[in-house]
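Hi,

Here is the model I promised to pass on.

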Amino acid sequence: MFQVFTRVRQGSVLSPVLFSVYIDGISKLHDPNNGAYAILYADDILLMSHSISTLQTLLTTCENELDTIGMAINTRKSCCICVGPRHNFPCAAINTNDGSKLLWSEELRYLGVFIVRCASFRCSIDYAKRSFYRAANGIYAKLGRLASEEVILELIMQKCIPVLLYGLEACDLPERTIQSLDFSVNRVLMKLFKSSNIEIIAECRNHFGVELPSVQLAKRFKKFSDKICNNDCVTLVYDIS
């Protein structure tokens, strides 16, 4: 046993509350009139703006605010991405206070979701699909010859499908992307039930009560949108392109 006179112990329930108070000043840097927005989730900061010059100003202001509380931006884990009609045009470098440059990337990861450089807001599901197949194959490798189809299917539903659908209810997915998610699940079920006949796989899904990602995402999107619309503390950014 020992006493803590400063800070809090790791894992303390006070940590997220005190950290939010500690960096609260950054959340007030946004200026919608100039098209500048700062979004925070714990220590993950997302800066958005209509123009590169505004983004540079916002980054400098954010760095100055962090410097006053003894923190700094990790440039090795930070990057920029352009979303909008001019996404294919070269962009001027974004500089930090110490002279480092933030690279312009084809995609960035924020809170586990991969946002891609595109004419409109789009998310990539390639990483989610790879993780889904990796998790499903891991279950097959361990239990393929030991457990029944019911057990393996339940593990896939509880452990693998959430990996595939993580965060996607907040993304505007095109129809072909949703079809790709359905195909990924059907492929795993084809391996499980040893059949490539899609009609047989559909019967198996109905029998075991397995919903395709297209059905699950529709329900999750409705739940997510209802929760957002009923939350007075949430401000929606409709168009920043």
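Below is what turned up in it.

This is a predicted model, in which local features need pLDDT of at least 70 and side-chain atom pairs count only at pLDDT 80 or more, while totals for chains, interfaces and linings use all residues. Residues are numbered from 1 along each chain as its sequence is written, and side-chain values use heavy atoms, with hydrogens and water left out.

On confidence: the mean pLDDT (the predictor's confidence in each residue, from 0 to 100) is 87, and 96% of the residues reach 70 or more.

Now the sheet. Three strands make an open, antiparallel sheet in the order β5-β6-β7 (strands are DSSP runs of E, at least two residues, and helices runs of H or I, at least four, numbered from the N terminus; two strands pair if DSSP finds at least two bridges between them). β5 (107–110) and β7 (123–124) each have a single partner strand, so one side of each has no neighbour in the sheet. β6 (residues 113–116) pairs with β7 over two bridges, and Phe114 sits opposite Ser124 in β7.

There are three aromatic pairs (ring centres of Phe, Tyr or the six-membered ring of Trp within 6.5 Å; planes under 30 degrees apart are stacked, over 60 edge-to-face, the rest tilted). One of them is Phe114 with Tyr127, tilted, at 5.0 Å and 40°. That pair links β6 to helix α4 (residues 126–143), 13 residues apart. Phe114 is buried at 14% relative accessible area, whereas Tyr127 is partly exposed at 33% (buried is under 20%, exposed over 50%, partly exposed in between, with a 1.4 Å probe and protein chains only).

Cheers
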